[in-house]
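Subject: Handing over a structure

Dear colleague,

I am passing on the structure we spoke about, and I would be glad if you kept it open while you read the notes that follow it.

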Amino acid sequence: MHQHHVDVAPGIRLWVEERGPADAPPLLLIMGAQASGLGWPDELVDALAEHHRVIRYDHRDTGRSSWAYEERPYAITDLADDALAVLDALAVRRAHVVGMSLGGMLTQLLLADHPDRLLSATLIGTSALSTAPYVHPDGTTTPPEELPGIDPRILDMWANRPTDLDPEQELEWRTEHWRLLNGDGIPFDAGAARALERRIAEHTGHTRISTAHGQADHSGMLRTDELARNEVPTLVVSGPAEPVFPPPHARHLAQVIRGASLVEVPGMGHALPRQVLEPLAEAILAHTGA
């Protein structure tokens, strides 16, 4: 395992970790909004690292990377450029890319704008950057904006997040947040979620809240035509208990990205509990040809 920092833009430095053989096919993990790279469980990273040079990193304003949004505001599309900058810094010409949640949207931007840099793409817990309608099995269609939305309980937690919590209270808030993100398909392990958040807090050095990714400019992200022309092998992971992008978002995603395949991980929500890690690793490794 190798940890270091890379400079990706003026005044912006990202924490990066590499695991697995240096000469194995590279695989880049891109986490979701406000999420440290440690959000990828070690068990999953190690399973992938048996066959890949696995690279994970902290986005700007998370973990040990630069927290500088107030001084240097950026757009969400800049976070996709950061992913490329990480690959450039490590002299990786092409990589398998696995993105979750916002990371899945950033991966779609890479698919659309820099397909020559991707060996494959895997999209988890995300929605399509496309205006193409969802086609139901009976042939009827639904516009993307009318597909099911985020669980209202999660929206309520986001809207009413306390800002005056001490570190232990903050860890409890994050644990309850994971309870909702976990969905109802798999029993929630509060102890494991709390331990992960405690580790992320220790990694980061504090439990301060960043709202940078919510404040960042979200415009210019649609890639309808480019995704319809996609030629990169793409896998969409469907979570039947997904509370952020509920079914049929994953099926819609697989429809609008040309050539995409779909795999369902039983019980999966918008989290990575122990029960989903083995089937998820197997699906990713099968897709990357490992």
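With a relative accessible area of 2%, Asp82 is buried; please bear in mind here and below that the model is predicted. Asp82 is found in helix α2, and, leaving aside residues up to four places away in sequence, Asp82 touches Val8, Leu14 and Arg60.

Some notes on the backbone come next. Most residues other than glycine have a negative phi, and most peptide bonds are trans. Asp61, although not a glycine, has a positive phi of about 65°; Asp61 sits in the loop between β4 (53–57) and α2 (76–89), and it is buried, with a relative accessible area of 5%. Ser101 also has a positive phi, near 60°, and its place is in the loop between β5 (95–100) and α3 (102–113), where Ser101 counts as buried at 14% relative accessibility. The peptide bond from Pro247 to Pro248 is cis, with omega near 10°, and Pro248 belongs to the loop between β9 (234–238) and α9 (249–256).

Turning to charged pairs, side chains of opposite charge can pair when their charged atoms come close. The count comes to 18 salt bridges. One of them joins Asp42 and Arg19 at 3.1 Å, N to O, and this pair links distant parts of the chain, as Asp42 lies in helix α1 (residues 42–49) and Arg19 in strand β2 (residues 12–19), 23 residues apart. Asp42 is partly exposed at 25% relative accessibility, whereas Arg19 is buried at 11%. Both residues belong to a network of salt bridges that links Glu17, Arg19, Asp42, Asp46, Arg56 and Arg199.

Another salt bridge brings together the side chains of Asp113 and Arg223 (2.9 Å, N to O); Asp113 lies in helix α3 and Arg223 in the loop between α7 (212–215) and α8 (224–228), so the pair ties together parts that are 110 residues apart in sequence. Asp113 is partly exposed, with a relative accessible area of 36%, while Arg223 is buried, with 12%. In the salt bridge between Glu170 and Arg161, the closest N and O atoms are 2.2 Å apart; Glu170 is buried at 3%, and Arg161 is partly exposed at 26%.

Finally, the second largest pocket has a volume of about 170 Å³. Its lining divides into 5 nonpolar, 5 polar and 1 charged residues, and includes Ser127, Glu145, Leu222, Phe245 and His249.

How values were computed: Residues numbered from 1 in each chain as written. Predicted model: local features only at pLDDT ≥ 70, side-chain atom pairs only at ≥ 80, totals over all residues. Heavy atoms only, no water. Helix = DSSP H or I, 4+ residues; strand = E, 2+ residues; numbered from the N terminus. Buried < 20%, exposed > 50% of the residue type's maximum accessible area, 1.4 Å probe, protein only. Contact = heavy atoms within 4.5 Å. 1 Å grid on protein atoms, 1.4 Å probe; cavity = no way out; pocket = protein on both sides within 12 Å on 5 of 7 lines; lining within 4 Å. Points joined across faces, edges and corners; volume = space filled by probe spheres on them. Nonpolar A, V, L, I, M, F, W, Y, C, P; charged D, E, K, R; others polar. Salt bridge = Lys/Arg side-chain N within 4 Å of Asp/Glu carboxyl O.
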